[in-house]
Amino acid sequence: VKAAEDTESALRLFFVLVQERGMYQRRSRNVLSSPTPVVSAETEAAMWDLFVAIGEVWQLKENTAGYPLRLRAFMVNRVSLHPEYSGYYQVAARFIAGLIAQLGRDEAYKKIFMTEHPPGGSELEAVKKQVSDEFVDLRLALGGFLAFGALNYRGYFGGANLPDEPVPYRTSEPGP
Amino acid sequence: MSFDFLIIGSGVAATALTERLLKNDPSASILILEAGDRVPTRDFALWQEVLLDKKNLPYVRCRDLPYPNPPNTLGGENLNVGSAPVTLVGSRLFVYGGSTMEWGGWSLRLKPEDFMLRSETGRGADWPFGYDALETYYCQAESHLAVSGNSSDATVARSADYPFRHFPFTFQDKPVIDAMEALGISFGNMPIARRGISDVRSRHAPCQTTGTCDYCPFGARYVASNYLDDMRTWTDCAGLEVRLNSVVETIDVDPSNKARAVRVTYRTSDQLKTEEAERIIVAGGAIESAKLLQRSNQHCPSGIGNDSGHVGANFVTHPMVIFNSPPMPNPLRLQPELDFPTLISRHFDTKAQQAAGKFMIVNPKDHVPVDLAVRLKGGKARPDVDAYLTNGPDGHGFMRRFLVYVEVFGEKTNTISNYPHPNRLGLLETVVNFSNNTMQNRVAEIAKEIAKIYTQIGAQLGLATQVTAEYVTRHTHIDWGAHHAASTCRMSVDPRDGVVDADLKIHGMENLYVCSNAVFPSIGAVNPTLTLTALALRLGDHLNGNRVRNDA
């Protein structure tokens, strides 16, 4: 009986660990990892062009002053948590350059943005999911959402709720 | 070494209590034992992860695992043997700071009649004291939690203003406001634990309405670990010590009914040690607090304070009921602009509703569930996104939704207990035994009121058919999460009716206290955290012998 109980306990622990691994946010880095890779100037320029194209395609038109620095910080943070993002950004830069050479700039970006379900395992899928889609999230949060009528949005630093200052979101009462 | 105070758990109860104890005696020695580990807060890179996907919340790993599925198989955690699908996963956290790491910050006071549930309805139990005894501490709790609220709200009497002004109703609230006004349904501002700016000095940052409240990049939503860290870093209270990864196995009680020490396993060293203290406070949440008393059974087979069989019994929680409307067009292009609700109605949280089960209506942050990012990433062009905003994903509009919390009455047969398998932290898993056969009927009654509101807003079935209560009932989801688990060590005047007395001391014990939702005799229809904070501050004053006396 005891042997059976021990076996059950061991199996139970195994399954818990298996599930737990899926739940834990695993870091790719550890103390033996090499120093955080940087995004090269060429890659950063290509990523900035992709970021600009998001605004062009969806006619976002907000003030983009300060965006280059925010985008760089975003990429550095991504790489710091997930070093493989350094590779994603490099692959994206190369892939986009090839696509532009083939289709022209506007059509190249449309292909990336407007393909709802890229082929599984393709470079297009990796570039869209790991880079383009994340940039869309960031672009909306930085201010792109303003084009759609709201004053605040998930991830936007709208500001504090202070007496005698404008409320940082649309309220039920008409504004002054 | 014997500490002056030993506190089990590091959530809001432990933090408010510690703050009060140290305010009264900065030289007090306090040991806090927390079973979980630390999750970084206010980390910008982690915040970005959450911005991209809520599933990336860094504390998800601190939740319970789902129940084994199918039951009685390997994998998963805990056991549910009742008929109601009460879930633990997502309802609480094993982490430094406790469940405040992910709470919503809804900070509502109970109403006077909530303290007299048994007297008013013949059901559940009365509190040993009334609203007035707690009012001063409610004000202090609102300061501790940094609540922004409407001080002119007359729902309950208050003796001091909220520390920060309320967040005005959002544009998304407007159709609901118009409908409730037309129907004569009262409503008000949600009191919410989001720090503002005032003359009171604080190291904690104000809310920047960033819309990512599940992981605030500034710490503007109250998280207990930030406040404990603050006390440890910036005060001269050298006697405060917090030990993480510390699983309390049992409490040692001597024959004279004095708690002497706790036995604790330090997970990082895998050592079992004994820590002694003059006074011990169990503040591990409604579930773990009761389980700890149950398994501390060296002298009493049923555990400490369990002569009357109330430890682990009377388990209650709030079902969160989601009422959906038929799809409705969105001509105002309403969208979520905050990550917390601003409008609530306690119109049905009244004496008149108490016998049937009070309920509170919340207009949720995503009343109109617009999601721009999904459309853009899904390859929709600008004209399609504009059309989506007004006409919804399939051209028929958006389903609106209300959240409703419904009061549940304590029954001695609804219990939690230890399950003889350790979870991944080494704590024994939990057996939940909760049944409720009346909620479906109550939901159908509430649906009549919700249908009126949806009809007033303009919802229709077909071309001109009004929304019916039957439709709303059919489009309802009842979430039996244990977020507001309570009453498992309830307060009572008579030891035969509960576990702790009005001072939160376990009946018959000299120096052992419980400070958690477990001590609530009832929970009304509102979130319990503000009330728990008030109780913790009150306990702190009691332990130092200077409690505000207003118990008449």
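## Confidence in chain A

The mean pLDDT of chain A is 86. Of its residues, 77% reach 70 or more. Residues 14-26 of chain A fall below 50. Even so, this stretch has 21 contacts in the model beyond near neighbours in sequence. Where pLDDT is low, the predicted coordinates should not be read in detail.

## Where chains A and B meet

Chain A gives 55 residues to the contact, and chain B gives 62. Together the two chains bury about 5,300 Å². Carbon and sulfur atoms account for 57% of that area.

Three salt bridges are counted between chain A and chain B. The side chains of R78(A) and E49(B) form a salt bridge, at 2.2 Å from N to O.

## Helix α6 of chain A

Helix α6(A) runs over residues 123-142, 20 residues in all. From first C-alpha to last it reaches 27 Å, close to the 28 Å expected at 1.5 Å a residue. The helix has a kink of about 35 degrees, centred on K129(A).

Most of α6(A) is covered, with 16 of its 20 residues buried. After the helix comes G143(A), with a positive phi near 155 degrees.

## Q294 of chain B

Q294(B) sits in helix α7 of chain B, which spans residues 285-295. Its relative accessible area is 15%, so Q294(B) counts as buried, the cut-off being under 20%.

Leaving out residues up to four places away in sequence, Q294(B) touches S302(B), G303(B), V311(B), G312(B), I416(B), S417(B) and N418(B).

Conventions:
Residues numbered from 1 in each chain as written. Chains lettered and ligands numbered in written order. Predicted model: local features only at pLDDT ≥ 70, side-chain atom pairs only at ≥ 80, totals over all residues. Heavy atoms only, no water. Helix = DSSP H or I, 4+ residues; strand = E, 2+ residues; numbered from the N terminus. Expected span 1.5 Å × (residues − 1). Bend = angle between axes of the 7 residues up to and from the residue. Buried < 20%, exposed > 50% of the residue type's maximum accessible area, 1.4 Å probe, protein only. pLDDT = per-residue confidence, 0-100. Contact = heavy atoms within 4.5 Å. Buried area = accessible area lost by both parts, 1.4 Å probe. Salt bridge = Lys/Arg side-chain N within 4 Å of Asp/Glu carboxyl O.
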